[in-house]
Amino acid sequence: MPWRQLAKMVRDRLIFTGQLLFTLLVAAFLIVPAGLSIAAGVTVNYFRGIQSGLTLQWIAQVWELYAGTIVSSFVIAFATLAITLLAGVPAAYALLIRGGRVARMIEEIITLPVAVPGLAIALALLLTYGGFGAFRRSWLFIVVGHVVFTMPFMVRSVMAVFATVDIKTLDEGGASLGAPAWRRFWDIIVPNGIPGILAGSLMVVTLSLGEFNLTWMLHTPLTKTLPIGLADSYASMRLEVASAYTLVFFVMIIPLLIAMQWIAERRGVR
Amino acid sequence: MSHRGFVWLCLLPLVVLTAAFFLMPMARLLVTGADGPRGIAEYLAILTEARYRATLVNTVLLAAATTLATMIVATVVGLFLQRRRFAGRSLLIAVLTFPLAFPGVVVGFMIILLGGRQGLLGELSTRLGGNKIVFAYSIYGLFFGYLYFSIPRVILTIMAAAQKLDPGLEEAARSLGAGPWAVQRDVVLPALTPAFVASGAIAFATAMGAFGTAFTLATNIDVLPMLIYTEFTLAGNLATSAALSVGLGIVTWLILAVARSFSGNAVAAAG
């Protein structure tokens with residue numbers, strides 16, 4: 001009997017070690033290039049390695065060359081957020097209160113852009129609105145693309161929270177006390193949807209900041225966002241500058257990621 | 001204002017935005033696809049034209065290979081992380097999910113840093129006296145790029161699904177004499193099927209339709225999104241690019257719709 005137990009222990013130990021090594025290998029595949037990119041962004045000469053010295057000159061150069069793209073990315077992300085909030089939150093309420101076939105159909109349609117490649121949506125927008133010169137050349141054209149792409153995430157995130165707090169009963173309770181519809185929406189519905197609105201907002205901003213597929217087709221030389229600048233630097237700049245630019249992107253996106261994870265944990269999902 | 005009226009008013013901005021900036025443009029895309037020299041047959045060109053067909057086959061094979069590899073890797077890792085408790089586990093989870101918010105272009109750059117002309121593997125392989133390994137600017141670079149993109153997503157899905165499994169079932173199987181492999185094969189993996197279908201569909205649809213990674217690695221990788229892009233920008237071939245992107249959109253939508261009916265969850269492709 002002790003022999004069998006020993007054999008079982010050894011086998012379990014081997015399985016555990018094998019799985020751990022495999023997991024570490026996968027983690028290395030994901031994290032090593034990110035680490036390389038961070039290191040290269042602050043190294044004087046990537047070819048000669050870290051012993052060539054550390055520097056912030058590449059970051060300074062990125063700021064000089066691409067500050068505009070960073071600013072515009074934030075402007076576009078917050079404009080997208082404003083529109084998805086204004087249109088998405090009331091819509092989530094209406095879709096949930098109304099229910100039925102029409103509501104499901106609308107939900108299905110606004111979710112389509114999640115499944116359809118950004119390239120197709122961008123082409124469609126270009127074919128339809130490409131002739132409206134002023135609109136096509138402005139930031140708004142990119143914002144429109146981002147709104148179409150991110151709207152389902154806002155609506156679904158808010159709807160998910162509305163569904164858990166039984167918004168229908170709350171709404172009817174408010175109505176029985178004689179509160180008008182818009183007051184109920186503002187005083188009862190919106191405060192109850194805050195966790196969903198927050199989660200949706202983080203999602204929208206993160207997606208908008210990183211969006212490339214649509215934006216590449218919709219941008220003009222005067223309307224470049226950060227991912228467009230990134231692609232440009234990957235194609236035409238030395239590795240150190242491209243890395244420093246990527247580093248800037250990491251610094252922007254990581255707080256958003258952490259906030260999203262924090263909210264998800266607090267809500268006890270995932 | 002009546003309550004019904006208010007509800008409609010709440011819905012109005014969304015309906016207007018969606019109609020003007022999604023439905024109308026998609027309808028236009030559909031019409032443009034049939035507006036070329038081939039007419040409505042443009043939609044069949046992807047099957048009848050040898051060059052397009054080759055690209056389609058290429059894309060589907062790449063997406064299938066990526067999906068299979070991602071599923072195997074993420075299942076092993078996801079189950080391991082969900083089952084075992086050890087020092088550094090949460091750090092490992094953080095590392096494995098860190099790339100979730102990377103856009104396709106950044107993923108492409110990560111692959112260049114690994115397997116590009118100045119990449120780590122090339123450096124290591126020449127130092128060890130072998131040939132310089134450079135794989136980034138080919139379909140293999142794209143394969144690893146999509147792997148990089150999909151692994152974190154699928155790991156999360158598998159972990160969430162494994163958490164909901166009833167450990168009693170496994171214990172029962174074990175007490176009935178099933179070995180560890182038999183328990184995995186007959187109890188754990190079948191119970192995870194919905195999660196496999198959902199996350200496999202996302203990985204597949206992403207690998208079919210993503211554009212950023214391919215664009216960063218090389219503009220001449222022969223996959224569908226790059227074909228659409230070059231037909232549109234370089235060849236100015238509106239009808240073909242419209243028809244191809246409608247086809248691609250329908251395929252990715254169908255894959256995700258099937259997956260959703262399996263899992264009951266919203267699934268998203270991106271990249």
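Colleague: What makes you say that chain B and chain A are in contact?

Modeller: This is a predicted model, and in it I call two residues in contact if their C-beta atoms, placed from the backbone, lie within 7 Å. By that test, 67 residues of chain B are in contact with 62 residues of chain A. On the side of chain B that touches chain A, the largest share comes from helix H1 (residues 3-33) of chain B, which supplies 17 residues. That side of chain B holds 53 nonpolar residues, twelve polar ones and two charged ones.

Colleague: Why are H7(B) and H10(B) called roughly antiparallel?

Modeller: Helix H7 (residues 139-163) of chain B and helix H10 (residues 193-209) of chain B pack at an angle of about 165 degrees, and their axes are 10 Å apart. Angles over 145 degrees count as roughly antiparallel, and therefore H7(B) and H10(B) are described as roughly antiparallel to each other. Their crossing is right-handed.

Colleague: Which residues of H7(B) and H10(B) meet, and how do they divide into nonpolar, polar and charged?

Modeller: From H7(B) there are Tyr146(B), Phe149(B), Ser150(B), Arg153(B), Val154(B), Thr157(B), Ile158(B) and Ala161(B), and they meet Ala195(B), Ala198(B), Ser199(B), Ile202(B), Ala203(B), Thr206(B) and Ala207(B) in H10(B). The residues of this contact divide into ten nonpolar, four polar and one charged.

Colleague: What elements does chain B have?

Modeller: Chain B has 13 helices and zero strands. Among its contacts between residues at least 6 apart in sequence, 71% join residues at least 24 apart.

Colleague: And into which domains is chain A divided?

Modeller: Chain A is divided into domain 1 (2-41) and domain 2 (59-266), and the C-alpha centres of these two domains of chain A lie 37 Å apart. The contact between them takes four residues from domain 1 of chain A and seven residues from domain 2 of chain A.

Note on methods: Residues are numbered from 1 along each chain as its sequence is written. Chains are lettered from A and ligands numbered from 1 in the order in which they are written. This is a predicted model: local features need pLDDT of at least 70, side-chain atom pairs count only at pLDDT 80 or more; totals for chains, interfaces and linings use all residues. Helices (H or I, at least four residues) and strands (E, at least two) are DSSP runs, numbered from the N terminus. Ala, Val, Leu, Ile, Met, Phe, Trp, Tyr, Cys and Pro count as nonpolar, Asp, Glu, Lys and Arg as charged, and the others, Gly among them, as polar. Domain bounds come from an automatic or database domain assignment. Axes are lines fitted to C-alpha atoms, for helices over the stretch in contact, and angles run from 0 to 180 degrees between N-to-C directions. Angles under 35 degrees count as roughly parallel, over 145 as roughly antiparallel, 65 to 115 as roughly perpendicular and the rest as oblique. A crossing is left-handed if the near helix is turned anticlockwise from the far one by less than a right angle, and right-handed if clockwise.
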